[in-house]
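Trainee: Before we discuss the model, I would like to know what stands behind each label.
Mentor: Then ask about the labels one at a time.

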Amino acid sequence: MPPVSPDAATPVPERPAAHAGGVTALAEAHVHAPRELGPTSAPRRTAGTLTAAGDLLRALAAPVRIAIVLQLREGERCVHELVDALAVAQPLISQHLRVLKSAGVVHGERHGREVMYRLVDEHLAHIVVDAVTHVEEGGSAVRGEQREEA
């Protein structure tokens, strides 16, 4: 029987067997240090919590939004500072900020004619930094090869 996703409605595809030098072999070769999980298993989460976490991850799942979070990790920024730092058009920055704001990732506070944006909390920066670090450590090699094979 295939594994089932947390919402118990969608089957999760099974992982193919590793083959020498293949994508799966690379994935298995990319190993992080084991974490101490302690004597208890992971707590069960409610469907609402998992849905909200999925919504948060979807809000972060765009390269420009990741770049915005990394910029805001350094400190508050207004739209024109983000435009200059990221070399992205102002309307696009504003659109991405709206997505991040509606997801509760950023907060904007008006100062005269400008709105200064900041991260709501440091947990969100950790999510993005950990994802970027994972990719920089070679965690994306598997994904890149899968694209080439497709």
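Mentor: Buried means under 20% relative accessible area, exposed means over 50%, and partly exposed lies in between, with a 1.4 Å probe and protein chains only. By that rule, buried residues make up 26% of the 150 residues in the chain. This is a predicted model, in which local features need pLDDT of at least 70 and side-chain atom pairs count only at pLDDT 80 or more, while totals for chains, interfaces and linings use all residues. Residues are numbered from 1 along each chain as its sequence is written, and side-chain values use heavy atoms, without hydrogens and water.

Trainee: What makes Leu92 partly exposed?
Mentor: Leu92, found in helix α5, has a relative accessibility of 34%, so it counts as partly exposed. Leu92 is 28 residues from Val64 in sequence, and their C-alpha atoms are 8.8 Å apart.

Trainee: Why is Ala87 called exposed?
Mentor: Its relative accessible area is 71%, so the label is exposed. Ala87 is found in the loop between α4 (79-86) and α5.

Trainee: What is noted about the phi of Ala87?
Mentor: Phi of Ala87 is near 55°, a positive value in a residue other than glycine. Most residues other than glycine have a negative phi.

Trainee: How are helices and strands assigned here?
Mentor: They are DSSP runs numbered from the N terminus: helices are H or I with at least four residues, strands are E with at least two. The chain comes to seven helices and three strands, in the pattern α-α-α-β-α-α-β-β-α-α along the sequence.

Trainee: How do you know that the span of α2 is close to the expected one?
Mentor: The expected span is 1.5 Å times one less than the number of residues. Helix α2 (residues 47-60) has 14 residues and reaches 20 Å from its first C-alpha to its last, close to the 20 Å expected.

Trainee: Which residues of α2 are buried, and what covers them?
Mentor: The buried residues of α2 are Gly54, Ala59 and Leu60. Their cover includes α3 (63-74), α5 (90-102) and α6 (122-139).

Trainee: Why is α3 called roughly perpendicular to α5?
Mentor: The two helices pack at an angle of about 75°, with their axes 10 Å apart. Angles of 65 to 115 degrees count as roughly perpendicular, so α3 is roughly perpendicular to α5. Axes are lines fitted to C-alpha atoms, for helices over the stretch in contact, and angles run from 0 to 180 degrees between N-to-C directions.

Trainee: Which residues of α3 and α5 meet?
Mentor: Contact means heavy atoms within 4.5 Å. Val64, Arg65, Ile68 and Val69 in α3 meet Ile93, His96, Leu97, Val99 and Leu100 in α5. They divide into seven nonpolar, one polar and one charged; Val, Ile and Leu count as nonpolar and Arg as charged.

Trainee: What makes two strands a pair?
Mentor: DSSP must find at least two bridges between them. β1 and β3 (residues 114-119) pair in the antiparallel sense over two bridges, with Arg77 opposite Tyr117. β2 and β3 pair in the antiparallel sense over six bridges, and the bridge partner of Val106 in β3 is Leu119. β2 and β3 form a hairpin with two residues between them, and Gly112 in the turn has a positive phi of about 65°.

Trainee: Why do β1 and β2 count as edge strands?
Mentor: The three strands form an open antiparallel sheet in the order β1-β3-β2. β1 (77-78) and β2 (106-111) each have a single partner strand, so one side of each is left without a neighbour in the sheet.

Definitions and conventions: Angles under 35 degrees count as roughly parallel, over 145 as roughly antiparallel, 65 to 115 as roughly perpendicular and the rest as oblique.
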